[in-house]
Amino acid sequence: MAKQIAYREAKVYFDGKHYIAILKTSRKLHYKARKTNKKIECNQANKGSASQKIAESFPVSKKEVFERVYREQVDLPERAKKQVLNKEILPYFENKADAREYIEQELAKKARNSMVRRIRMIRKANLANFNYFATFTYDSKKHTGESFRKS
């Protein structure tokens, strides 16, 4: 006998143009306990970095330190960014392996969040009906960039 699909239990949402149904799954979800962002202090053994000086002035969480350093190094290539993050965050961890694992997890979260935001943006853009695409150019003999913008 074929498996009965419970359409009444489906989760339905409207994306602005279409109704989308997500059928209920029988898979049980295992929820992890949510970690809190505890305020931390720098280890005495790893003193000397710029992050450590900030930690002395007021307690910060690992996440706050990561976000601050990441924002400062956003233009660097991935490998250089990881090296700077390792150097700055190491004082807040017991050993290098824990620091490296934390950085990998946070970078994976950032990549996933970026992908999800991009998908959401594409779905939202696809809701609009674009009938025309126009570009405007000017002849450099007749206009300059400023005079073209004014006209």
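**Entry 1: α3 and α4**

I began with helices α3 (residues 78–89) and α4 (residues 96–126) of this predicted model, and I found that they are oblique to each other, because their angle is neither under 35 degrees (roughly parallel), nor over 145 (roughly antiparallel), nor 65 to 115 (roughly perpendicular). α3 and α4 pack at an angle of about 130 degrees, with their axes 10 Å apart. The axes are lines fitted to C-alpha atoms, for helices over the stretch in contact, and the angles run from 0 to 180 degrees between N-to-C directions.

I then looked up the handedness: α3 passes α4 in a right-handed crossing, that is, the near helix is turned clockwise from the far one by less than a right angle. From α3, E78, K82, L85, N86 and I89 make the contact, and from α4, A99, R100, I103, E104 and L107; contact means heavy atoms within 4.5 Å. By class I noted five nonpolar, one polar and four charged residues. Nonpolar covers Ala, Val, Leu, Ile, Met, Phe, Trp, Tyr, Cys and Pro, charged covers Asp, Glu, Lys and Arg, and polar covers the others, Gly among them.

**Entry 2: α2 and α3**

Next I turned to α2 (residues 62–72), which packs with α3 at about 140 degrees, the axes being 10 Å apart. That makes α2 oblique to α3. This crossing is right-handed. On the α2 side I see V65, F66, V69 and Y70, and they meet K81, V84, L85, E88 and I89 of α3. I count this contact as seven nonpolar, no polar and two charged residues.

**Entry 3: α2 and α4**

How do α2 and α4 lie to each other? They are roughly perpendicular, with axes that come within 12 Å and cross at roughly 65 degrees. Their crossing is right-handed. K62, K63, F66, E67 and Y70 of α2 touch Y102, I103, E106, L107 and K110 of α4. Here I noted five nonpolar, no polar and five charged residues.

**Entry 4: the whole protein**

I stepped back and found five helices and four strands, which are DSSP runs (helices H or I, at least four residues; strands E, at least two) numbered from the N terminus. Their order from the N terminus is β-β-β-α-β-α-α-α-α. Of the 151 residues, 19% count as buried, meaning under 20% relative accessible area with a 1.4 Å probe, protein chains only.

**Entry 5: ground rules**

I kept in mind that residues are numbered from 1 along each chain as its sequence is written, and that side-chain values use heavy atoms, leaving out hydrogens and water. Local features need pLDDT of at least 70 and side-chain atom pairs count only at pLDDT 80 or more, while totals for chains, interfaces and linings use all residues.

Conventions:
Buried < 20%, exposed > 50% of the residue type's maximum accessible area, 1.4 Å probe, protein only.
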